[in-house]
Amino acid sequence: MDMEAGAWGLDAQEKKNLNDKLARLLAEPELEPFFGQGLHVRTEATLIDSRGRTHRPDRITNDGRITRVLDIKTGAASGEHHDQVAFYMRLLRDLGEPRVTGHLLYAGDGVVVEVADMPMNAAP
């Protein structure tokens, strides 16, 4: 992280503050299904829909029972974010994943939101 911090113009205190904030965020119990031990993890994996378009969710995890999609956002919450993750969920089901859940992490405030399924005929 030292090189990255320097590249972004962070001084030692800013780097420490950022590291502390990230450590607290990743220690939250609700993030265990995405960053815990023993998971099969795919980061920015390319999903291809039936029209040949590519999509890249931030993180897909599987614990052997459930496949979870996590998209990380830095801005304000939006209905479009929900639609995007719901579409990822549908793509994963189409690819044979039987049990899929979707989630949004708003990094600024550390809030994790569960995403409802999208109707089968909807597309983003």
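Strands here are DSSP runs of E with at least two residues, and helices are runs of H or I with at least four, both numbered from the N terminus. To get from β5 to β6, the chain passes through helix α4 (residues 79-94), making a right-handed β-α-β crossover; that is, with the strands pointing away from the viewer, the path from the first strand over the helix to the second runs clockwise.

β5 also has an antiparallel partner, β4 (residues 59-62), with four bridges between them. Leu-70 in β5 is the bridge partner of Arg-59. Four residues separate the strands of this β4-β5 hairpin, and Gly-64 there adopts a positive phi near 100°. As for burial (under 20% relative accessible area; exposed is over 50%, partly exposed in between, with a 1.4 Å probe and protein chains only), six of the seven residues of β5 (residues 67-73) are buried, so the strand is largely enclosed by the rest of the structure.

Elsewhere, the loop between β1 (40-43) and β2 (47-48) holds Glu-44. Glu-44 is not a glycine, yet its phi is positive, at about 50°. With a relative accessible area of 49%, Glu-44 is partly exposed.

Residues are numbered from 1 along each chain as its sequence is written. For this predicted model, local features need pLDDT of at least 70 and side-chain atom pairs count only at pLDDT 80 or more, while totals for chains, interfaces and linings use all residues, and side-chain values use heavy atoms, leaving out hydrogens and water.

Methods:
Two strands pair if DSSP finds at least two bridges between them.
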